[in-house]
Amino acid sequence: MLSTRSLFDEIYRNDQAYQLFCSIAAGGEDQGGWENERITALTRDPVLAPKVARHGADERKHGRIFTQLLNKRGLPKVPVPDEADYCMLLERQGVGLSHERLNSDVPLSEREIITYLAHSRVTEQRAAEQMRQLVKAYADNPDLDRAMRMISSDEDDHLAYCHEELLRLVAAGHGPYVRHALETCARGEIRTHRDVGLAVTSRMAEILRWPRWQLALVTLGVHALYLYDRAFGWRRMVSLRMPERRNALGTPAPPHAEHGVL
Ligand SMILES: [Fe+2]
Ligand SMILES: [Fe+2]
């Protein structure tokens, strides 16, 4: 029976598939870490800056966790294929702030902060959902269970923070621009998520020598999710609701918090 759980189990059991999976995950987390570090440096808001710094520190920690999972198996990181590079493809779709902008020294305007937060709101929704899926899939795996739960809980906090900060900006009168930024990000993210999903599926099919029916079925799943997201799912990415957990990123990251989960 083909299930999400059996797919992730197959990936875990194959060195090459696991290497690609952890390398893509580590690459995305590191990229998220770098973006948040740059945004911290370019933010003039003294209340927001430490929260962005915390966000960046968490993503760096996630990058280290995925890298250490590879090390534990004695596997080096492999380069992320361009067509599976979620962050780069998002940027090409015009989602979020560009590398060029983040590499400059000019402080971010209020609108750019909204662009950053909208990008985070949408991508953290995806990250939180994917991590919940991984927590379920690897619940019985002693190597991965605790690490997946730690990352999942962090991604939930990141999402809560985005809701809270964007609602603060809506209350300050930026409602129309926040809505516009969220809708633009969600449209681009839904397309990018499909493209990356198809690229990863075809690489995994090669590595794991899937029969044609299996490749066809997983590919169909990616297209079905895209159609669902485009028609209905996008609403969950652009809505704003005050989270139960307030000020989720209000404290600095503890050093080496990943120790003990690996
Ligand atoms: Fe993360
Ligand atoms: Fe995150």
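Modeller: The charged end of Arg194 sits over the ring of Tyr226, 4.2 Å from the ring centre. A charge sits over a ring if NZ of Lys or CZ of Arg is within 6 Å of the ring centre and within 35 degrees of the ring normal. The charged end of Arg111 is likewise placed over the ring of Tyr177, at 4.0 Å from its centre.

This is a predicted model, in which local features need pLDDT of at least 70, side-chain atom pairs count only at pLDDT 80 or more, and totals for chains, interfaces and linings use all residues. Residues are numbered from 1 along each chain as its sequence is written, chains are lettered from A and ligands numbered from 1 in the order in which they are written, and side-chain values use heavy atoms, with hydrogens and water left out.

Rings of Phe, Tyr and Trp (its six-membered ring) pair if their centres lie within 6.5 Å; planes under 30 degrees apart count as stacked, over 60 as edge-to-face and the rest as tilted. One of the pairs is Phe8 with Tyr138, edge-to-face at 5.9 Å centre to centre and 65 degrees between the planes. This pair links distant parts of the chain, 130 residues apart. Phe8 is buried, because its relative accessibility is 14%, where buried means under 20% relative accessible area, exposed over 50% and partly exposed in between (1.4 Å probe, protein chains only). Tyr138, at 2%, is buried too. Phe8, Tyr12, Tyr18, Phe21, Phe66 and Tyr138 form one aromatic cluster.

How values were computed
Helix = DSSP H or I, 4+ residues; strand = E, 2+ residues; numbered from the N terminus.
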